[in-house]
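Here are some notes for a colleague opening this entry for the first time. Please read them with the structure in view.

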Amino acid sequence: MTAEETARYVVTAAVWAPSVHNTQPWRFTAVRQQISLHADAARQLRVADPDGREMLISCGAALFTARLALRSLGFVPETDVLPDPGQPLLVARVSWPRRAASTEFEQALFGQVRQRRTHRGGFDPVPLPPGLLAALRESAARYGAMLRIVADDGRRAALAAAVEEAERTQRLDGERTRELARWAPAPGSPRTDGVPPDSYPARAEHTDPDFPGRDFAHGHGWGLPPLSTARWPRSAGVAALLTTARDRPADWINAGQALQRILLTAATSGAATALNTQPLEFGRLRESIRTGLSDGAYPQMVLRFGAVIQAAASVRRPPDDVLSTGGSEDDSTGEG
Ligand SMILES: Cc1cc2nc3c(=O)[nH]c(=O)nc-3n(C[C@H](O)[C@H](O)[C@H](O)COP(=O)(O)O)c2cc1C
């Protein structure tokens, strides 16, 4: 494989990372044996994510996936993460100077990159595989983040109430609603970004406590019909917060790396993950979660884990839309 072919293989996998509203806010530049990953600020959610926190979490997830793709080829990635004050949109540079055989676990994680889907709804009332939560916590710790399981009933209800309040507020806010609608294409749309109707349920699946999902269908009735095999009532699953001790761009990128390792690890055990980050897009709610539910650490993601049969689809832009190769790197940073 030439360096360019390796870069293409890596980016073909990396685009399958999760991103907020499937904005895919990334660009890759490959020069010789190095890939630079830049955030694509044109895809930032200016209303819901003015600081670019969720944009950089998304880029961090793509960075983890790129590194995992290199491991799947038996390369040892060397990674420089931000900050570079001269290039504010530069997320990381990755090169692959050495080789070492990949482990079975790395191959298993890599095998889930294209299979994994965000779940939107409730779960079957069955326990998670033993040892999974410990493995997920370890995934977070590797990137300096912490996965805090919100097990206590009162705290779980408080977290659900914050999601509910954020969702209610968002639905009454014209600017936020319009921004979300721009990333929620209609059925049959040829778009390769945004959240397609075959990735969320047409009828909200209520759980106890209720963690309402985002209103991607905005009143059109779009979405998947309920699975006939679904068992009722649905469980809310195991709720958790992914947190970081500080709240700088580098922390967001590392939270994104931790997030993707967590999602892929859960997927290897057959567990699904739902994301309910709505309250983290409101300063007041994020602050109350930080002080009330996460010991003062900064909440970066709200997650729920559980077992469920998933039918969701997802789309991605083709790698050629996001990868530039060959030229000098400065030609393609998009920051000029
Ligand atoms: C920072 C971040 C925040 C997200 N927040 C939510 C959310 O609140 N609700 C939701 O349904 N999905 C959320 N997602 C999942 C994305 O919508 C999802 O990754 C994207 O649509 C691609 O779909 P896939 O993960 O199934 O491939 C979030 C993802 C990221 C990276």
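1. Start with helix 2, residues 53-72. In this predicted model, helix 2 contributes three residues to the shell around the ligand, the most of any contributor.

2. The whole shell holds 21 residues. The closest to the ligand are T118, R120, R214, T277 and R316. By type, the shell splits into six charged, eight polar and seven nonpolar residues.

3. Which domains supply the shell with at least three residues each? They are domain 1, made of 3-115 + 315-332, and domain 2, made of 118-187 + 228-306.

4. Several side chains place polar atoms by the ligand. For T277, the distance from a polar side-chain atom to a ligand nitrogen atom is 2.7 Å. R116 has a polar side-chain atom 2.9 Å from an oxygen atom of the ligand, and for S314 the distance to a ligand oxygen atom is 3.1 Å. On its own the ligand has 620 Å² of accessible area, and the protein covers 98% of that area.

5. Five strands form an open sheet in the order 5-8-9-7-6, and their pairing is mixed.

6. How do strand 6 and strand 7 run, parallel or antiparallel? Strand 7 covers residues 238-244 and runs antiparallel to strand 6, with five bridges joining the two. To find one of these pairings on screen, look for L147, whose bridge partner in strand 7 is L242.

Definitions and conventions. Residues are numbered from 1 along each chain as its sequence is written. This is a predicted model: local features need pLDDT of at least 70, side-chain atom pairs count only at pLDDT 80 or more; totals for chains, interfaces and linings use all residues. Side-chain values use heavy atoms; hydrogens and water are left out. A residue is near a molecule or strand if one of its heavy atoms lies within 4 Å of it. A polar contact is a pair of N or O atoms within 3.5 Å; within protein, one must be able to donate a hydrogen and the other to accept it, and residues adjacent in sequence count only if both atoms are side-chain atoms. Accessible areas come from the Shrake-Rupley method with a 1.4 Å probe; for residues, only the protein chains shown count as cover. Helices (H or I, at least four residues) and strands (E, at least two) are DSSP runs, numbered from the N terminus. Ala, Val, Leu, Ile, Met, Phe, Trp, Tyr, Cys and Pro count as nonpolar, Asp, Glu, Lys and Arg as charged, and the others, Gly among them, as polar. Domain bounds come from an automatic or database domain assignment. Two strands pair if DSSP finds at least two bridges between them.
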